[in-house]
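Colleague: Could you take me through one part of this model closely, namely its nonpolar core and the helix packing beside it?

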Amino acid sequence: MGSLDKLEAQLDEWLHKKAPVQLPADLKKSLAGALWWIALVVGVAQLWAVWILWHLGHLVATVDQAYNTYLSNVYGAAAPATHLGLFYWLAFLASAAAAVLLLLATPRLKQMDKSGWNLLYYAALINAAYAIVRLLSGVDVLSGFIGAAIGSVIGAYFLFQVRQFFAAKKPAHDAPAHAAHHDKD
């Protein structure tokens with residue numbers, strides 16, 4: 001059992017089996033059935049946010065470069081080069097990866113396949129890891145981390161409440177078992 005499987009089992013224990021508040025069975029079933037729509041809408045919205053982040057980051061870099069060129073021309077000294085920082089790229093990559101996972105999960109969730117649920121689980125882990133990176137970045141420490149942590153816990157709670165409705169697909173066999181015997185002449 002890998003580390004992610006152990007974490008999944010532990011989270012299932014905390015957020016489903018021993019959760020102090022259980023969702024009603026009919027709500028769980030409805031939520032599980034609608035999860036593919038939710039993943040699709042959130043995935044598209046997050047992909048849109050990634051696109052905006054890309055353009056805003058490059059707009060800021062262009063404005064910064066123009067300002068540095070202006071200072072260099074006016075004062076004659078070369079301004080230090082600035083770049084989009086490490087945390088910009090981490091935010092960009094984490095958001096893009098989570099969006100892609102959500103969109104990839106959509107058709108599998110529609111079929112109530114566990115592999116679709118797994119993709120949502122991985123996206124949730126990426127978002128939780130990014131919340132920790134935000135905390136370590138020193139940018140928007142309290143409100144950013146606390147908001148991301150609360151969002152991660154709430155999202156994981158709902159995700160594990162509906163986990164039981166997603167079954168692993170059984171492997172397809174190439175030929176029926178009765179056709180496997182051969183005639184001996």
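Modeller: The largest nonpolar core has 25 residues, a core being a set of buried Ala, Val, Leu, Ile, Met, Phe, Trp, Tyr and Cys residues joined through side-chain atoms within 4.5 Å, where buried means under 20% relative accessible area with a 1.4 Å probe and protein chains only. Those with the most contacts inside this core are Leu35, Leu109, Trp117, Leu120, Val162 and Phe166. At least two residues each come from helices H1 (3–17), H2 (25–75), H3, H4 and H5 (141–161), helices being DSSP runs of H or I with at least four residues, numbered from the N terminus. The model is predicted, so local features need pLDDT of at least 70 and side-chain atom pairs pLDDT 80 or more, while totals for chains, interfaces and linings use all residues. Residues are numbered from 1 along each chain as its sequence is written, and side-chain values use heavy atoms, without hydrogens or water.

Leaving aside neighbours within four places in sequence, Phe166 is in contact (heavy atoms within 4.5 Å) with Ala32, Leu35, Leu109, Met112, Asp113, Lys114 and Trp117.

Leu109 and Trp117 also belong to the contact between H3 and H4, with Leu90 and Ile126 among the other residues there. The axes of H3 (residues 86–110) and H4 (residues 114–137), lines fitted to C-alpha atoms over the stretch in contact, come within 8 Å and cross at roughly 165 degrees. The two helices are therefore roughly antiparallel, the term for angles over 145 degrees between N-to-C directions.

Across the protein, 28% of the 185 residues count as buried.

Note on methods
Axes fitted to C-alpha atoms, helices over the stretch in contact; angles between N-to-C directions. Parallel < 35°, antiparallel > 145°, perpendicular 65-115°, else oblique. Buried < 20%, exposed > 50% of the residue type's maximum accessible area, 1.4 Å probe, protein only.
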